[in-house]
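Me: I have a model open and want to learn how to read its features. Can we go through them one at a time?

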Amino acid sequence: MAIYLDHAATTPLRREVLDAMLPFLSEDFGNPSSGHAFGRKARAALDDAHERVARQIGAEAREIVFTSGGTEAINLGLKGAAWAGKARGHRIVTSAVEHHAVGHTLRYLEKFGFEVVELPVDRYGRVDPDDVDTALTDKTILVAIMLANNEVGTIQAIAEIARRVRARRGVLFAVDAVQAAPHLEIDVETIGADIVAMSAHKFEGPKGVGALYLRHGTHIVGQQQGGSQERHRRGGTENVAGAVGMAAAFDLACADRPETARRLRRLRERLQKAILTVEGTELTGHPKDRLPGHLSLIVRDADGASITVGLDLEGIAASVGSACTTGSTEVSHVLTAMGYPDEEARGALRLTLGRTTTDAEIDIAVGIVPRVVGALRVGQVAVSADPLGQGIGV
Ligand SMILES: Cc1ncc(COP(=O)(O)O)c(C=O)c1O
């Protein structure tokens, strides 16, 4: 039996979500821009999807733009806001632990004269709100800070950061909530954001669909020229089935949230306790202010990639950190920013639980993960490929 503990990378598509999407992939195939009955049906479904996603975050339907995922939502929000604000200033403030969708987008903007200021984080990966205050100048047009970190699960003091940002007129606050949704309640007033990015595949919705919240009155420059779809903010025929799927997945996930969070916290703590009995292991990220099902560690004198291979051979899917950097030999910029030296950061391991994770799976994982982790510390048993998939015998 394979046990999937990589829900921060992606989640399985929920059956009810697939059922909600299927008509729009078959008989209800109309283009929402068409005036006839087929088009009207698609338009009604798309309007409903806007409304449902908006309702779950305390927004209005017109404030939601469907995109091709979290990355596009972030690109549209950040580039769009930067270009729209260029006449007022060129300074953008962010943190050192953002996902590459934010970090690389801002690096790109630097080529066009924007100044990007990266705030440091503490040992747990948290930004100090006072540092945000200090970094804001008259030339600042945008602050981009994530709600919860994908590699270490740490939740930022986002409302407090927002309070500092909002005290300055004309500075937009953008929040990458891709990992946070739906584990944390996202209310755009509470988190004080003007721009929020989310992605459906992180909560049992389809891949390749995301949503960008844009506070009413927030001006952005569209990044994709074409038709007037999504109120002129994103040209291109809409992915109706995807939007319907995202709305369905988000509704279901939000309804399940309190119960799922309680259960995942309990299961994660159990697995965490078992792994931390292994010498040389240390929890990374904040011990309390973290996503409920998110477990991240470093294993000293070990290579995280080898551990994930070892776990894979034993039927457990885990990762070293960000799915987007898996396969690269670079150490995590997140762990580096948190003060971990390269040799420790190389031992990064991430196990992320999801709604479908069961007690029985964690029972099995508790038996396997500490054993594999312990065995693969340097100087113990080297990982060896096991083409027959019979386990690594450790
Ligand atoms: C924090 C964060 N931001 C953005 C993204 C990108 O989202 P997507 O995969 O939908 O493009 C991810 C994906 O892992 C993420 O974890």
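Me: Which residue forms a salt bridge with R14, and how far apart are the closest N and O atoms?

Reply: A salt bridge is a side-chain nitrogen of Lys or Arg within 4 Å of a carboxyl oxygen of Asp or Glu. Here E16 pairs with R14, and their closest N and O atoms are 3.4 Å apart. Bear in mind that this is a predicted model: local features need pLDDT of at least 70, side-chain atom pairs count only at pLDDT 80 or more, and totals for chains, interfaces and linings use all residues. Residues are numbered from 1 along each chain as its sequence is written, and side-chain values use heavy atoms, with hydrogens and water left out.

Me: Is R14 buried or exposed?

Reply: Buried means under 20% relative accessible area, exposed over 50%, and partly exposed in between, with a 1.4 Å probe and protein chains only. R14 counts as buried because its relative accessibility is 8%. E16 is partly exposed, at 39%.

Me: Which residue forms a salt bridge with D363?

Reply: R270 does, with the closest N and O atoms 2.7 Å apart. Helices (H or I, at least four residues) and strands (E, at least two) are DSSP runs, numbered from the N terminus. D363 lies in helix α12 (residues 359–375) and R270 in helix α8 (residues 240–275), so the pair ties together parts 93 residues apart in sequence. D363 is partly exposed at 43%, and R270 is partly exposed at 35%.

Me: Which residue forms a salt bridge with D6?

Reply: R350, with the closest N and O atoms 3.2 Å apart. R350 sits in strand β12 (residues 348–352) and D6 in the loop between β1 and α1 (15–25), so this pair ties together parts that are 344 residues apart in sequence. Both R350 and D6 are buried.

Me: How many salt bridges does the structure hold?

Reply: It holds 33. Some link up: D130, D133, E160, R163 and R164 form a network of salt bridges.

Me: Now the ligand. Which residues come nearest to the ligand?

Reply: A residue is near a molecule or strand if one of its heavy atoms lies within 4 Å of it. Of the 13 residues around the ligand, G70, T71, D176, S199 and K202 come nearest. Helix α3 (residues 70–85) gives the largest share of the shell, three residues.

Me: How do the residues of the shell divide by type?

Reply: Ala, Val, Leu, Ile, Met, Phe, Trp, Tyr, Cys and Pro count as nonpolar, Asp, Glu, Lys and Arg as charged, and the others, Gly among them, as polar. The shell has three nonpolar, eight polar and two charged residues.

Me: Which polar side-chain atom lies 2.6 Å from an oxygen atom of the ligand?

Reply: One in S199. A side-chain N or O atom of Q179 is 2.9 Å from a ligand oxygen. A backbone N or O atom of G70 lies 2.8 Å from a ligand oxygen. The protein covers 89% of the 390 Å² of accessible area that the ligand has on its own. Such areas come from the Shrake-Rupley method with a 1.4 Å probe.

Me: Which residues of helix α9 are buried?

Reply: In α9 (residues 304–313), G304, S306, I307, T308, G310 and L311 are buried. Their cover includes β10 (294–299), β11 (316–317), β12 and α12. Just after α9, G315 takes a positive phi of about 85°.

Me: Leaving aside neighbours within four places in sequence, which residues are in contact with M1?

Reply: Contact means heavy atoms within 4.5 Å. M1 is in contact with G315, E361 and I364, those neighbours aside. M1 counts as exposed, at 70% relative accessibility.

Note on methods:
A polar contact is a pair of N or O atoms within 3.5 Å; within protein, one must be able to donate a hydrogen and the other to accept it, and residues adjacent in sequence count only if both atoms are side-chain atoms.
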